[in-house]
Amino acid sequence: MSSGLVSSTLENLSRALSHALTSEQIARKPGLMQSLDPRAKVLGIFVLVIAVAVVHKVAVLLGLFAGALVLALGSAIPLRTLILRVWLVVLAFTGVIALPALFLTPGDPLSPSSFVTRQGLHTAILLILRVEAAVTLTTTLVLTTPWAQILKALRLLAVPKEAVMMLGMAHRYIFLLTETATRMFESRESRRVGKLRGREKRHMVAQTAGVLMTKSIDLSQEVFLAMQSRGYRGDVFTVADTRMRPHDYIVILVFVAFAVLAIWWGR
Amino acid sequence: MHIPDGYLSPSTCAVLYGGTIAAWYVCLKRLKRVLLTRVVPLISVFAAFAFVVMMFNLPLPGGTTGHALGVTIAAIVLGPWGAVLSTSLALVLQALFFGDGGITTLGANCFNMAVIGSFVAYGCYRLLAARAPLDSQRRVVAAGVAGYLAANAAALAAGIELGIQPALFRDASGAPLYAPYPLKIAIPAILIGHLTFAGIAEAIIAAGLVAYLQSADPALLTATSGVAQTPMAGSLRSPVTLRRLWATVALLLILTPVGILATGKAWGEWAPSDFANAQTRSGITATSRQQEPPVTAPTGMQRMATIWTAPFPAYAPAFVKSPALGYLLSAMFGVGVCLLIALFAKGLNRGPEQVS
């Protein structure tokens, strides 16, 4: 069983790495979203996600979902990735949550003999559609924008530079620490003989986390010294080499108009 | 517990974003005021560590597995403010990079797990561990209980946020527009999972890490131990000695009206008018080894007494009728003036920014 435990953790860790790799690959392909300034993308998607959260009508939500689909497919995101990684996962998670609402929501029964209420059906469909549309939009943003560009957009959109810098550093060291954790689990597993009991397994995982933590803190000291030796005195400077072009402004306008119309119709 | 987009109404999201941004603002301010240089890489790498640890499958009693939040160990090693930032960073990364948790609900998720989680974990750990030695078993138990309570407090907050949606946001037909279940269903539903799995996972990882650090690197536990201070800990929290001083000042302020209980005049604090008053004269005589005071106040004393008139004579501002309140107000005023002078002196004394 211990091998199952370690392999499932290793699977989690490698999934994080492969996700990052897929995202880098898609972000490099030519496409609708890839051609935009990161600010336009972050702002545009944020406005659309707000619209998804605000509208109350199923038809308008379907329209927003269709818009998200066009955006994703136009940005070289394979339909297979969308179905397997986004829609089915969301459906499994939100579906389980929405299902009992069909029966538990008080209201008018659909038919005299049915336990399902009209209000329950409406609320379940709204919830699932809302989550599907929002997750499609955010996945499109995440898969088409390299992390460095998201950070740059956040910086240019007035997020404090210290926060942006910490986000950037945290992201960078996730990969290093993921690799370290993977190696630690693998080396531990390669030396294991026989089965571990529950208590021993917990001990092993906690100990691995402990070693990883001391390594992380040592790493942060080294990073600090490296930063200091390169002249870091507490001030953060970011290079803002992106420039909004006319078509970025047009796209933001289109996104905002789409969102405003959706909110107007979907009230 | 990562609430996705679509479960909370925009207005709920906005309120929780407001609360979280306020907490972040305070955290960044605190960091800027102290050793920002060293703390930036520490918090960043700790966020990366928390992110990776969240992916560990933790075996739970009963054969299942669970995932920890990592907020408790952050609160124990970095203190509550550092934990708010590092956990928030990990959550922002999860939302923006892996799409785990929504963008509109990011404020809510950070509020529940980073803000509430950190402070509950820190409070419980400090309360239960008290001043136990760094290597005591009590600290391991305290960390475990703190982890269990922090995960459940965060889940309870999420349950309340989800549970108020159907009461507040419905369409004309009465169909809920967001999360469909009322408080009486939402709270038990989310808490069952956390009381049995997620809370235990957080407890195991927090207790296990504290036990590991006790033998491998106890210095990391000193920050929040209440026993000794390290530069790292001092940078994120105000020193314990100062906090005690504040508590003492507050207690003394509250006790100031006790001064009214004392009767008579303090020896040597007489006013010129006291020399003509028969009652105070006998008091002066009794406390001066039966030596009679002069019949009139000395001329030098009379002259000097009129040079300065106090704004609050006899600790009672003219507009206050109750003497007890007058005492309290005077004490607050006095302490406030002292603080202002101290702050002013500190400002004058501050040289160029120190780099750690």
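The following exercises, with worked solutions, concern a predicted model.

**Exercise 1.** Determine how many helices and how many strands chain A has, and state the order of its elements.

*Solution.* Begin with the count: chain A contains ten helices and zero strands. Next, read from the N terminus; the order is α-α-α-α-α-α-α-α-α-α.

**Exercise 2.** Compare the radius of gyration of chain A with that of a compact globule of 267 residues.

*Solution.* Then consider the box filled by its C-alpha atoms, which is roughly 65 × 55 × 30 Å along the principal axes.

**Exercise 3.** State what percentage of the residues of chain A is buried, and what percentage of the contacts between residues at least 6 apart in sequence joins residues at least 24 apart.

*Solution.* A residue counts as buried if 20 or more other C-beta atoms lie within 10 Å of its own. By this criterion, 40% of the 267 residues of chain A are buried. For the contacts in chain A between residues at least 6 apart in sequence, the share joining residues at least 24 apart is 78%.

**Exercise 4.** Describe the contact between chain A and chain B: how many residues take part, and which helix of chain A supplies the largest share?

*Solution.* First, count the residues: 69 come from chain A and 58 from chain B. Second, identify the helices of chain A that each supply at least two residues to this side; among them are H1 (2–28), H6 (118–144) and H8 (161–190). The largest share, 19 residues, belongs to H9(A).

Methods. Residues are numbered from 1 along each chain as its sequence is written. Chains are lettered from A and ligands numbered from 1 in the order in which they are written. This is a predicted model: local features need pLDDT of at least 70, side-chain atom pairs count only at pLDDT 80 or more; totals for chains, interfaces and linings use all residues. Helices (H or I, at least four residues) and strands (E, at least two) are DSSP runs, numbered from the N terminus. The radius of gyration is taken over C-alpha atoms; the globule rule is 2.2 Å times the number of residues to the power 0.38. A residue is buried if 20 or more other C-beta atoms lie within 10 Å of its own, exposed if 12 or fewer, and partly exposed in between; C-beta atoms are placed from the backbone. Two residues are in contact if their C-beta atoms, placed from the backbone, lie within 7 Å.
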